[in-house]
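Trainee: I would like to go through this model feature by feature. Please give the general idea each time, then the case at hand.

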Amino acid sequence: MRTFFPSDSCKESQLNAINPQSWLQVERGKLSKFSSSHTTSSSIESFIKVPEPPVVPFFKPIDYVEVLAQIHEELESCSPQERSNLYLLQFQIFRGLGETKLMRRSLRSAWQKAGTVHERLVFGAWLKYEKQGEELIADLLATCNRCAQEFGPIDVVSQHPIKVNGSSQETAVMNGDQSLKNVNFRIGDEKIVCDRQKIASLSAPFHAMLNGYFTESLCEDIDLSENNISPLGMRTIGEFSMTGTLSEVPPDLLLEILVFANKFCCERLKDDCDRKLASLVCTKDDAVELMEYAIEENSPVLAASCLQVFLHELPDCLNDEQVAEIFSHADRQQRSIIVGQASFSLYCLLSEVAMNLDPRSDKTVCFLEQLIESAETDRQRLLAFHQLGCVRLLRKEYDEAERLFEAAVSLGHVYSIAGLARLSYIKGHKLWSYEKLSSVISSVNPLGWMYQERSLYCEGDKRWEDLEKATELDPTLTYPYMYRAASLMMKQNVQVALAEINRVLGFKLALECLELRFCLYLAIEDYKAAIRDVQAILTLSPDYRMFEGRVAASQLRTLVREHVDNWTTADCWMQLYDRWSSVDDIGSLSVIYQMLESGGAKGVLYFRQSLLLLRLNCPDAAMRSLELARQHASSEHERLVYEGWILYDTGHCEEGLRKAEESIKIKRSFEAFFLKAYALADSSLDLSCSSTVISLLENALKCPSDNLRKGS
């Protein structure tokens, strides 16, 4: 989940206003040094705040290994129709672990194993949504036949099975006159002549009317004026009864015939209308208009075609109130028409997109309520209850949130107890929260989040001990490091505080930790270190806002910069060499950010930036940098190298290899040989290629390049 879910108790504990200008006077020396007697712990506390960890809307089992093993066993023995849902559950578990690559692998497996066209539409759209960053390189991917439009539109009509029984309803006349070969349908002043038995063969109702015990079976003329069918529509139906196909029919007439066919149970005619209308859906406006007909007339092919258009335009289409209304208020029967048996998968996707747009919105609540209604297993229900509980907590709808968390806990989701503890604390029952977490810790194999959560409901040494235990059990939790660093800073243990936050930044480049370290450096007026961190933040997230979103990081950088001497280009290169050599990746990012502002060969700098970001496990930011490197390439062979890396990093090794070879044909360069060696090693399973890779690296070393790249 991309959205940050802060707890309400956390928000209440934050200071009401941040005024960074008071800390960053334009003239130097206006702020007293940290060590001076004028600086008090309370003034530091007003500036350095650590938000409480959020209750995240993820599936977090007690034993990940056991659950993943169970899913693996089920995948080996389940029916093909069940596989996609199991891969979706696997995706939810990996999301709780923060394993982006494994999440996408599970989604891809769900897409590949989709048993219905609806599942294929949902998981294809989800993969496209997860790969939004690649929209920057859509033109490049389109030039490669193997990766162009990987999750593009599919032919819904051809993939939807034809279930209509084509056998004729024509049988012996039961009560009619066999001499009445034709029947005249009157609509207003017009008469449409049809073959009686051909029309009778369209449906059981028509067969009973024309050949049964109804008076119409003895009539040559039948008035259909009150059935909302035009003379042209009836002529078209008569032609269909003779030929079995619809000729070129305009959309409005198709809709008219569809309604008539549904009313008189003409399944073959209805199916033909359904498919022809489905092939005409092109835009979101088309889909909005036609989805209403699809639901009203139970036309699954048309509904699937409309659904594809909506999903293809995620997340933007959810800002359309008409689209949101269709998904928000569909009942069970309507959901079946819209998405078949893939209702839970669809609302999982819509809920995630809505939470990323605005977790507090009514739209998000509606989608999550639909998710609960669509759930068929306890594992699906506990996830849906927990997610809606998190949203209700965020909206301060505490009683409803409590009911939902309790429902999730009753189904076995122990992590939902964290939500119950927060609610109890908000209602003034801090001791209950502490005791509830203590009971959980003593009854199961404890996890890091349990101690972290319990620490919120105690003070002093007990809190410190719980946070230490949380780090011991789960070193990836950022809150314990941040809390300890801030607490040490309050006690003016500056170096120890910095060492504590550096512990986590050494292996996890979390923006909130960089922000805290930036604040620590501001407090001691180490502006060179502060600007390093804010420039690293801006590299990772150019639009990042600090202090609970109140201040743009770019604004703080402008203020801090007034306190730092400007580096020359030579200074920047020297700093870059020093930091690269000492593996100070955050410092290197900061220097590159500064160098990019001064002009020069930006392509090379953006490329170097992308390498650092990949090393820091920031693939989305790295892809942005690679695309910028491509845009600013100073030559054709350089551009080909950057395009090759883009293709390689998006999983298209062979296409990346070809780009490297094209670049080498133009000019032999270190970068091109290095890319070719990398791509070849990754795309070939033949062990004999190792000698070729070594040869390529040797050729790379013979080409001109700076020592930083050659050091790789």
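Mentor: Two strands pair if DSSP finds at least two bridges between them. Strands (E, at least two residues) and helices (H or I, at least four) are DSSP runs, numbered from the N terminus. This is a predicted model, in which local features need pLDDT of at least 70 and side-chain atom pairs count only at pLDDT 80 or more, while totals for chains, interfaces and linings use all residues. Residues are numbered from 1 along each chain as its sequence is written, and side-chain values use heavy atoms, with hydrogens and water left out.

Trainee: In which sense do β1 and β3 pair, parallel or antiparallel?

Mentor: Strand β1 pairs with strand β3 (residues 221–223) in the parallel sense, over three bridges. Asn184 has Asp221 in β3 as its bridge partner. Strand β1 (residues 182–187) also pairs with strand β2 (residues 190–195), here in the antiparallel sense and over six bridges. Asn182 is bridged to Asp195 of β2. Two residues lie between the strands of this hairpin, and Gly188 there has a positive phi near 65°.

Trainee: How many residues of helix α23 are buried?

Mentor: Buried means under 20% relative accessible area, exposed over 50%, and partly exposed in between (1.4 Å probe, protein chains only). In α23 (residues 416–426), nine of the eleven residues are buried. Among them are Ser416, Arg422 and Ser424. For packing, contact means heavy atoms within 4.5 Å. The buried residues of α23 pack against α21, α22 (398–410), α24 (430–443) and α25 (448–455). After α23 comes Gly428, with a positive phi near 95°.

Trainee: Why does His386 count as buried?

Mentor: His386 counts as buried because its relative accessibility is 1%. His386 sits in helix α21 (residues 378–394). Leaving out residues up to four places away in sequence, His386 touches Val55, Val56, Pro57, Phe58, Phe405, Ala408, His413, Tyr415 and Ser416.

Trainee: Which residues touch the most other members of the largest nonpolar core?

Mentor: A nonpolar core is a set of buried Ala, Val, Leu, Ile, Met, Phe, Trp, Tyr and Cys residues joined through side-chain atoms within 4.5 Å. In the largest one, of 121 residues, they are Ile501, Phe518 and Met546. Beyond its neighbours within four places in sequence, Phe518 contacts Ala530, Asp533, Val534, Met546, Leu556 and Val560. A second, separate core has 109 residues, including Cys78 and Ile237.

Trainee: How many disulfides are found?

Mentor: A disulfide is a pair of cysteine sulfur atoms within 2.5 Å. The whole structure has zero. Cys703 counts as buried because its relative accessibility is 6%.
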